[in-house]
Every structure is written in structure tokens, then in C-alpha cells.
Amino acid sequence: VTGASFVVFNGALKTSSGFLAKSSIVEDGLMVQITRETMESLRQALRDKKDFKITCGEMDAGDTKEYVDICWVESEEKTNKG
């Protein structure tokens, strides 16, 4: 689990790269590189307020995967209200 101040979704990852998606820590945030098709699915999920899971890692890496989960919650925590 990684906490981040911001998240950047970059939809320019080529399918020929050999990666499903790539995530990396940038300053105090997270950058997720995804394919154009995944970006379209993410946008639709955000419009519909649906949870969305991005699987990161190489396509042929087997069970070694990272996940970026976007989850909608019912109530806001009272932390970081500023």
C-alpha cells in the first residue's frame, strides 16, 4: 500500500512495450502508465463511479504483479481536511 499526494494517469503506453501497465513513484505522488484502451475504460469507470483495478507489470511475468485500485467509498475520512 502506497500513500500519495497525487496520481497521474498517462495513457501513452504502447501495447508493444510488453507491459500491462507501469506504476512508479514521482516526487510524493504516483504515476501510472496505461494503454489508450485502459484509459478509455478508466474514464468510463470514473464517469459511472465504479471501482477500477489496473494490473501493472510485464505481460509474461506470471504471478508477480502490482495493482492500482481505484475505489469509491461511502464516507470521507476526517483526515487531511485542509
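Thr35 is buried, with a relative accessible area of 9%. Buried means under 20% relative accessible area, exposed means over 50%, and partly exposed lies in between (1.4 Å probe, protein chains only). Thr35 sits in the loop between β3 and α1. Its side chain makes a polar contact with the side chain of Thr38, at 2.9 Å. A polar contact is a pair of N or O atoms within 3.5 Å; within protein, one must be able to donate a hydrogen and the other to accept it, and residues adjacent in sequence count only if both atoms are side-chain atoms. Leaving out residues up to four places away in sequence, Thr35 touches Gly11, Leu13, Thr15 and Leu20. Contact here means heavy atoms within 4.5 Å.

This is a predicted model: local features need pLDDT of at least 70, side-chain atom pairs count only at pLDDT 80 or more, and totals for chains, interfaces and linings use all residues. Residues are numbered from 1 along each chain as its sequence is written, and side-chain values use heavy atoms, with hydrogens and water left out.

Now the whole chain. From the N terminus on, they run β-β-β-α-β-β. Helices (H or I, at least four residues) and strands (E, at least two) are DSSP runs, numbered from the N terminus. Of the 82 residues, 20% count as buried.

The largest nonpolar core has twelve residues, among them Leu30, Ile34, Met39, Phe52 and Ile70. The elements that give this core two or more residues are β3 (29-33), α1 (36-48), β4 (52-58) and β5 (66-70). A nonpolar core is a set of buried Ala, Val, Leu, Ile, Met, Phe, Trp, Tyr and Cys residues joined through side-chain atoms within 4.5 Å. Met39 belongs to this core. Beyond residues up to four places away in sequence, Met39 touches Phe9, Asn10, Gly11 and Ile34.

Met31 lies in strand β3. At 23% relative accessibility, Met31 counts as partly exposed. Met31 and Val8 are 23 residues apart in sequence, yet 4.6 Å apart in space, C-alpha to C-alpha. Not counting residues up to four places away in sequence, Met31 touches Val8, Lys22, Ser23, Ser24 and Val26.

Phe6 is found in the segment before β1 (7-10). Phe6 is partly exposed, with a relative accessible area of 31%.
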